[in-house]
Amino acid sequence: MPSFKRGLLALVLIGTPTMLPAAPFARDASSRRTAATFTGTVRGRVVDRATNQGIVGVQVSVVGTTVGAQTDNSGAFVIRGVPAGAQTLRVSRLGYRLTTAPVSVADGGEVTANVSLEPAVARLDEVVTTATGSVSRREIGNVVASVNADSVTKVSPITNVNELLQARTSGVQVLQGQGVIGSSSSIRIRGVSSLSLSNEPLIVVDGVRFSNDPEPGNLSAGVRINRLSSLNPEEIANVDIIKGPSAAALYGTAAANGVVIIKTKRGRMGGARWNAFGELGLSQLPNKYPANFRSWGRNRNVTTGVIAPAAVQCRLAASAAGQCVIDSLSSINPWTSEFTRPFANGPSNSGGVQVSGGTEAVKYFVSVNRDNEVGPYKMPAFEIDRLTTLRGQAPRQEQIRPNQLRNTSVRGSFSFPIASTANLDISTGYTDRDLRTPFDGTFFAGLSTQLFTAPGFKNATNGTAREFVGDIYSVQQRLQLQRAFGSVNANWTPIPWLALTAEGGIDNANSNNSQYQFPGEGTRVGLAWGPDASQNFSGIDIARTNSLNYTSTLRAAGTRQLTSTLNSVTTTGAQWFRSGQYQLFGEGYGLGVGATTLTAAQQRLATTNTVENSTFGYFVQEQLSWRDRLYATVSARTDLNSAFGRSVGNTVYPAANLSYVISEEGFFPKYAWLDRVRLRTSYGQAGLQPGATAALAFLQPLTYPSLTTSGAELPGLTLQSLGNQELKPEITTEFEGGVDLGLFKNRLNVEITGFNKASRDQIFNRPLPPSFGAGNTQTVNIAKVVNAGVELQLDGSIVESSPFTWGVRFNGSRIKNKLVDIGTVTLATPQGARNVVGYPLFGLWDRPYTFADANADGIIVASEITLAAADSFRGPTLPEYEAGFSNTFGFFRGLINVNTLIDYRGKYWNSYGIGVSRCVTAGNCPTVNVPGSSLESQAAAVAASSGTLRNTRWGIFQPNDFIKLREISVSANVPERYVGRYLRGRTAQIVFSGRNLATLWTKYPGIDPEANRSVSNLAGGNDDLGTPPAIRTFNVRLNFGF
Amino acid sequence: MNIRTQVGALAFTAMAAGAGLTACDRITDPLLDVDTPDIVTLDKAASAAGAQSLFIAAQGDFARFIGGDRAGSSPLGLNLIGGLLADELISTRSGTEHVDNRSVLPATFPSNSWTQVGVSYARILRAIKAIETFPPATGGKDQLALLHALEGMLLTVTAETYCNGIPLWDGESDTDPQTKTLSTAELYTAAIAQFDLAIGGTTVANTISMATIGKARAVMNQATPTTRATSFASAATLVAGIPTSYRFNVVFGTSTSGLGNAIYDWANATKNFSAVDKEGGNGLDYISSADPRVKVDPTKVSAGQDGTRTAQLNQYTSLDAPVTVASGIESRLIAAESQLANGDATWIVTLNNARATIGLAPLTPAATPAGQVDQLFRERGFWMYLTAHRLGDMRRLVRQYGRDAETVYPTGSYFKGGAYGTDVVLPPAQEEMNNPNWTGCTDKKA
């Protein structure tokens, strides 16, 4: 038996004795029954100490057992099967101090225990979700970030899960997607670790893996779409973020980048409670876009001095070199010109209804949501008129408004007991999503390139590079997604100290991606995205994908009170996960008039793609707790994955953590201002698996035209991959330590955390020497990356008076990232983002230079620039510093609340692709056209244009730091007595909110410091070319409860 | 539940866990079984049918080597990349094209062209090995001869395009490939050996003609300033019997994703690259001459991808337009150059006879020997426009005729700003630095 199996077996057997019952339970040695079989019922009500109102959602558990319950809408609870005798109830809920209460339970009897809770900002006693189930925050030695989604979505303009996480937790960076309705962002937790694999965290929804893969076959040019976008934030109760391997070890392979654990809303005991909302909104792209310039002149023969008659573009540097003579300057702004302006405010509306409630027989939650959003893109009236004349009919609505999202989501969750000691939770969700996006990205014929690289005068296309805006918007891109997600969770407690759980789920998504333009429509000048003149500039690309993921988990947890002060929880389990993606891609060019499908295309092409992957793992964890203040946990998980090399066996991920609420010790000094001190430390490993076929040597079948048989295309085989029998997962090891403080009667909570995360055996697509003729890369385990940093979280209740309250939350982090080792591989040295040992991943590099206006003519030419001898590091492309600062002001006993959120990112750089496009390629920026432009800008443009200066972009790269006003919301609650009397309801609230409201400060000269087309799961870098800025939204929302 | 039952439940749990651990493989194997229908494992290719598939792929990859691929990240053929470095094309795509302005950076776009050299060469060698091991029922020798001819042509065009001292697969191991470094001279010698194998290994006239012209081309390249006359005469003798109408084309398809005429895709359709007239002062007058051999329409001027306005290039008018690799016209040009090098005044007659086949007016010989050489190379440039010949010709002008590179290659101010660099050849791409057996170009001379 391999050693790891022996080790795990030993761990199980060591843990087993702790599950044996303690001797004193046997009251009568001759009796056939023990005290553990005598049980009773505990009923009660939990209320707020200040208001005496019942508190819903309070966790009430019996210490030393696995039995417990949650309070209903009135604060009432019932716990059955409580062992008879003296017991202790543990009562906890977010926002309140942990409380215990003694209770004496008679065999077969019923006892009432009412508990009052004191409000506190303390987070220590919140319940968070881990791989082994729900635990109190105080029990785990690593930090877990939490977002109460229900509260946030009611008052903040949140449209997707990424916005829910942005700027609300330290160490979690949400890299904004493109400014297109329906686009997705990227999540980075504690930096970037992987060179070749995804840096996205694992997403788990209700215990089941939820795919956040990029939309397969995404044909929306330039728009990043991840599957997480299809999860409706209105359906989420809370989100816990496990930040690193020290906590994620039990999630095994695929968890090295952290885990985002999402729990959807559930029903509670009590009468049906309805919540409905309606929202109207507006989206806009308000940024200032630059005008385009052209300096005109006439060519000059440098030898004879003769001036040619024809008018040509004459840039400053060319005129200074005597190559031409400037005589005029023209300018046009296609972003604002009536002929070409592509933007206009986009309206949106959404609404939803939720109902929850339950009895002892069943608890339920049902939700229906509908969103209709129109993005801020609109065909200008001039173009509508032009196309109406040309086509004989007006353009279609989806061409006039090329960015639209219609989303319907339905969720239902039901929980019911199936025996006195067993219950079943079923949760199902369905999303139907229809997204249209404008043609953009870095396609030459796309919106951004056409307008940014346009000449500085009104040309045949009214001021764009070559395409009419109406034709650009007539290229249609569409994603239709239907996604069904379901999970089943069964819990059985056959004996009070043993809890068995079976969890399973399915995530099934069907998507239809398409990009098309019909005859007589769309871009025409040059091969825009596919079809050309011979194909009537018409065609359709379609990608139809079915994605099917299964998750199943079995878990057993035994809880025993070993002594009066020592408690043990042993958990063991197994998990199997399988993902499959099945795609059919079709391309058809040359459509006849009226034809809209592949079938009618003159040339057709089809390919298929299948990717399957499976993981099987098992885990064991032992937790000892002493006096409910000192917790020690050790665990291990071992995984096998179908993508590992044949000679690689199981991979083991160990973990250990310690949590000590030292302030509860008698010896700890007492201060009036210091309520609580918790020390914590943790260690763990998690992994990331390679691609499905990375370990395999294989040939690829393709068809080729034959040189010997005219007109025939015949099947051929090519060696595509050398494979790697030794390929194993990349392992990330993390050490974390920190302290939690409760100050000033828990009005201020502070969490300070330091971490060091080292990824070894990094999976790297080693570039193969092309002369090998064996594919471009070979996947090897070779690199090492380190991320280290500090995180700070402050939650404070600054003012707590009757007319006015003020709460703040600050979260910030500093994360330093470094590529430590790359083995013997020689890394590529492209301009811009590259990986260099000893420096951050995907840092910006190029050749520095110095310059001087030697002849004082106010124009920099190439000869006045001196290039350095070697490339240098300009800066990282991932922020080293990030922070979020939110304030909540309450007026008139919370009748009116104002929330603000400010977002900061610091110490990082952008390639500034727009600058290159304009000043180097198109030559339409003021720097190269307008006399008097700054010498520094001129030098940057000239250096990037000159082959003798290696076209260095050193001066083009720009610092990207910014502070943004991310959100403001003002909510007004109608007093409950008026809601009941006049509206027959329970609650009513109106909320005015805005998102991405303003850039308060930035060093970045581009349109938006967050615009980044390099945002993706895999790649790094930071470049704003072809990326619209973040959309600003305003919303008014009405929440009504009845 | 009594204590005995509890202990029993625990014992059962422990045993189940232990049994699960020991029985892992029986449980895990079916759970980890996945399908990979898109790939073909190596064992499936070890057969006669597999050998034929490798043969088909080798031909397709050779076509891609010469004439490139469709837009995207696919490689550009050497006729395009060579044309950029020479004077046949300019880059009208966004940004500065380092190959076009002769200041090649190691990681410059498009490194995939070098990748295609290695891929194409390796696939030809694998196909040869496979057919030798698993020959078809009939025609095996003809297939081998064709492959040898393709290998010879690949080596020749590679030697004309890249620097001195490039790595190529040694043909031994598939799973642990190694390379050998070959000098330019060694490449031509190896090419000639391959052409000889092709010529002697088949009776298929098409293959023999292509190999013969290829051999003559390689022989021409081997010449030095002092051996010019004799080498060229040998080459002329080789091709004397090739009919003027002969053509060997590589073909492309429209239904295969990733195999289309790159010049059509990149230059005609998207205008990332464009035809140019008298590039850098030294370039040929491809546009203003209105020569029918170079199909450029100066009346149709439009903006390239970067806004530069250029004439429509119609040299290849569809994705499946073939590219001529060897031709009877090339044979006549070889003969004319040999005659000129050997003082035979009928060199101009040979050129004019070729011109007459498409109705071009006869040329009058230039007044000076240098002018006559210019005339001959101008004819070569126009007849073999965008067929991966021009760069090799420019190098021969420098190497064999003693011209200064800055009087042959485009030079001076670059139209996007700055000035041309001084590169005359291409280097292998950056990724080749991961090859432990290669330390860089021996030299980058013409």
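Contact here means heavy atoms within 4.5 Å. The model is predicted: local features need pLDDT of at least 70, side-chain atom pairs count only at pLDDT 80 or more, and totals for chains, interfaces and linings use all residues. Residues are numbered from 1 along each chain as its sequence is written, chains are lettered from A and ligands numbered from 1 in the order in which they are written, and side-chain values use heavy atoms, with hydrogens and water left out.

**View 1. Packing of helices α6 and α14 in chain B.** B:A159, B:E160 and B:T161 of α6(B) touch B:L391, B:G392 and B:R395 of α14(B). The residues of this contact are 2 nonpolar, 2 polar and 2 charged. In this grouping Ala, Val, Leu, Ile, Met, Phe, Trp, Tyr, Cys and Pro are nonpolar, Asp, Glu, Lys and Arg are charged, and the others, Gly among them, are polar. Helix α6 of chain B covers residues 140-161 and helix α14 of chain B covers residues 390-399; their axes lie 8 Å apart at an angle of about 55°. Helices (H or I, at least four residues) and strands (E, at least two) are DSSP runs, numbered from the N terminus. Axes are lines fitted to C-alpha atoms, for helices over the stretch in contact, and angles run from 0 to 180 degrees between N-to-C directions. The two helices α6(B) and α14(B) are therefore oblique to each other; angles under 35 degrees count as roughly parallel, over 145 as roughly antiparallel, 65 to 115 as roughly perpendicular and the rest as oblique. The crossing of α6(B) with α14(B) is left-handed, that is, the near helix is turned anticlockwise from the far one by less than a right angle.

**View 2. The disulfide between B:C163 and B:C441.** The sulfur atoms of B:C163 and B:C441 are 2.0 Å apart; a disulfide is a pair of cysteine sulfur atoms within 2.5 Å. B:C163 sits in the loop between α6 and β3 (166-169) of chain B and B:C441 in the segment after α14 of chain B, so the bond ties together parts that are 278 residues apart in sequence. The S-S torsion is about -75°, so this disulfide is left-handed. B:C163 is buried at 2% relative accessibility, whereas B:C441 is partly exposed at 21%. Buried means under 20% relative accessible area, exposed over 50%, and partly exposed in between (1.4 Å probe, protein chains only).

**View 3. The disulfide between A:C314 and A:C324.** The sulfur atoms of A:C314 and A:C324 are 1.9 Å apart. The torsion about their S-S bond is about 85°, so the disulfide is right-handed. A:C314 lies in the loop between β20 (307-313) and α5 (316-320) of chain A, and A:C324 in strand β21 (residues 324-332) of chain A. Both cysteines are buried, A:C314 with a relative accessible area of 0% and A:C324 with 4%.

**View 4. The disulfide between A:C919 and A:C925.** The S to S distance is 2.0 Å. A torsion of about 125° is found at the S-S bond of A:C919 and A:C925, so this disulfide is right-handed. A:C919 is buried at 12% relative accessible area, and A:C925 is buried at 2%. With bonded cysteines counted along the chain, the disulfides of chain A follow the pattern 1-2, 3-4. Over all chains the count is 3 disulfides.

View 5. A:N765 is partly exposed, at 31% relative accessibility. Leaving aside neighbours within four places in sequence, A:N765 is in contact with A:S196, A:T777, A:Q778 and A:T779. A:L197 is 568 residues from A:N765 in sequence, and their C-alpha atoms are 9.1 Å apart in space.
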